Each structure stands twice: as C-alpha cells, then as structure tokens.
Amino acid sequence: YYDIIHKLLESLASLEGVKISREGAHQELIDYICKKHNLGESTRIFLQEMREFRNRISYEGFSITSDYISLNKDKIESIIKALLTLIVL
C-alpha cells in the first residue's frame with residue numbers, strides 16, 4: 001500500500017510542477033502534499049508511520065502483522081481515493 005500511495009503523491013506533485021529528490025525526499029513529499037492539500041495532521045502522521053514501516057521492511061527485514069493492514073485498510077483506501085480525486089481534478 002505504501003508504494004501505491006507514494007506513486008500517487010509523486011504524480012500529484014509532478015502535476016503541480018514539483019520534484020523532490022534528495023535525502024529525505026519521501027518524508028518531504030508527504031509533508032508537502034498533506035500541507036498543500038489540507039489532508040490533515042492525522043493523515044500526515046499516518047503516512048509518515050507507513051513510510052517508516054516501509055523503510056524498516058526494506059532495510060531491516062522488519063515485518064508487520066496482518067492485523068495492521070486489517071485495522072488500517074479503510075483509512076489507507078480512503079487516502080488512496082482522496083489522492084486519486086486530487087489527481088483527476
């Protein structure tokens with residue numbers, strides 16, 4: 001799910017003529033889009049948490065439980081829909 005959200009964040013920023021590419025780019029991209037489009041602090045914090053989990057999975061071999069997905073599926077899908085709506089506008 002994080003990779004889907006990240007690609008949507010990049011697409012939205014690209015449509016706005018913004019390219020963020022350096023150390024900490026994912027974190028900065030999340031902050032930028034959440035602030036620019038008033039997605040809310042709780043969404044920003046949740047996306048940063050997902051980013052951190054993704055990094056731990058990729059670099060430390062960390063794994064999350066299926067409960068995490070089950071408990072957060074509605075929230076994740078809501079964020080994806082919101083981003084898709086912003087991209088289509």
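Visitor: How do the axes of helix α1 and helix α2 cross?
Guide: The axes of helix α1 (residues 2-15) and helix α2 (residues 25-36) come within 10 Å and cross at roughly 65°. Axes are lines fitted to C-alpha atoms, for helices over the stretch in contact, with angles from 0 to 180 degrees between N-to-C directions. Helices (H or I, at least four residues) and strands (E, at least two) are DSSP runs, numbered from the N terminus.

Visitor: Is that crossing of α1 and α2 left-handed or right-handed?
Guide: The crossing is left-handed, a term for a near helix turned anticlockwise from the far one by less than a right angle.

Visitor: Which residues make the contact?
Guide: From α1 come Tyr2, His6, Leu9, Glu10, Leu12 and Ala13, and from α2 come His26, Leu29, Ile30 and Ile33. Contact means heavy atoms within 4.5 Å.

Visitor: And what are they by class?
Guide: The contact of α1 with α2 has seven nonpolar, two polar and one charged residues. Here Ala, Val, Leu, Ile, Met, Phe, Trp, Tyr, Cys and Pro count as nonpolar, Asp, Glu, Lys and Arg as charged, and the others, Gly among them, as polar.

Visitor: Where does this model come from?
Guide: It is a predicted model, in which local features need pLDDT of at least 70 and side-chain atom pairs count only at pLDDT 80 or more, while totals for chains, interfaces and linings use all residues. Residues are numbered from 1 along each chain as its sequence is written, and side-chain values use heavy atoms, leaving out hydrogens and water.

Visitor: How many helices and strands does the protein have?
Guide: There are four helices and zero strands, in the order α-α-α-α along the sequence. The protein is as compact as a globular protein of its length, because its radius of gyration is 13 Å, close to the 12 Å that the globule rule gives for 89 residues. That radius is taken over C-alpha atoms, and the rule is 2.2 Å times the number of residues to the power 0.38.

Visitor: What share of the residues is buried?
Guide: Of the 89 residues, 29% count as buried. Buried means under 20% relative accessible area, exposed over 50%, and partly exposed in between (1.4 Å probe, protein chains only).

Visitor: Turning to Asn38, where does it lie?
Guide: Asn38 lies in the loop between α2 and α3 (41-60). Its phi is positive, about 50°, although Asn38 is not a glycine. Most residues other than glycine have a negative phi.

Visitor: Is Asn38 buried or exposed?
Guide: Asn38 counts as exposed, at 68% relative accessibility.
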